[in-house]
Structure formats: C-alpha cells, structure tokens
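Open the model in your viewer and keep the selection panel at hand. The stops below say what to select and what is there.

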Amino acid sequence: MKRIICLIVILVMMFTVNVCATDTLGDIINGANSFVSQPTGVDETTLANLIKSLTNIGLAVGTIVAVVAGIIIAIKFMTDGAQGKADLKTALTPYVIGVAILFGAYGIWVIVINVFTNVFS
C-alpha cells in the first residue's frame, strides 16, 4: 500500500512541474555582462586600507592575548610547586607554537602583500 501511495505521489509530482524559462541564452549572458560592468562602489584604496586596518587589529589583539597568557604562565610557574611547574612546562609548548604561528602568519602576510604590490604596480 505504501509503495502505491509513493508511486502516485511521484507521478503527480512529475506531471505537475511547470517550467517558465522565457529567457534565451543571449538574454542571460547580456544580463550577466551588465551585472559585472556595474560599479561596485568600493575602490581599491579603500579596500586595501580596510584590510591593513583589520590585519593590524588582529595582530594587536593576538599580541595582547599572547602577552597576558605569557604573564599568567610565568606567574603560575613562579608560584607553583614541582608538580605545577611540570604541568606548566607541558602548557608552554602550545603557547610557544601559538605565538610562532601568530607572528609567522603576520610576517608571511606582510611579505606576500609587499611582493604582490611590487609585482603588480
């Protein structure tokens, strides 16, 4: 019984689909070309300044977080006993890797931006 109902539903769906595509391929291509040729309202200088600002803000926030985390690890290292110092030494590895990734990524970003700016200008 379920198969018959499913078959009826599928047949009804197949025969009630109406396609209303009245645009030709030329109309679609002309519409796309007119869309692409419209001005976006954002010039390259504004976009470049926005990206530089966001990158600098991200670096500043990352640096603040890294410094605060480093201070917390240092204070815990000075005040904890032998077991606490051993635990903090294991926590120090991800901290150092994170700081290296933060500044390494920023350094790579600056190098790429400078190289491509010189190449394309």
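**The nonpolar patch**

Select α3 (44-79) and α4 (82-120): each supplies at least two residues of the nonpolar patch. Helices here are DSSP runs of H or I with at least four residues, strands are runs of E with at least two, and both are numbered from the N terminus. This is a predicted model, in which local features need pLDDT of at least 70 and side-chain atom pairs count only at pLDDT 80 or more, while totals for chains, interfaces and linings use all residues. Residues are numbered from 1 along each chain as its sequence is written, and side-chain values use heavy atoms, with hydrogens and water left out.

Next, select V42, L47, L50, I51, L54, I57, V61, V65, W109 and I113, which form this patch on the surface with about 890 Å² of accessible area together. Areas come from the Shrake-Rupley method with a 1.4 Å probe; for residues, only the protein chains shown count as cover. The most comes from α3, with seven residues.

Zoom in on V65, which is in helix α3. Is V65 buried or exposed? V65 is exposed, because its relative accessible area is 52% (exposed is over 50%, buried under 20%, partly exposed in between; 1.4 Å probe, protein chains only).

**A charge over a ring**

Select K85 and F77: the charged end of K85 sits over the F77 ring, 5.3 Å from its centre. The test is NZ of Lys or CZ of Arg within 6 Å of the ring centre and within 35 degrees of the ring normal.

**The whole chain**

Zoom out to see four helices and zero strands. Buried residues make up 6% of the 121 residues.

Terms used: Patch = residues over 30% accessible without salt bridge, like charges linked within 9 Å, V, L, I, M, F, W, Y side chains within 5 Å. Salt bridge = Lys/Arg side-chain N within 4 Å of Asp/Glu carboxyl O.
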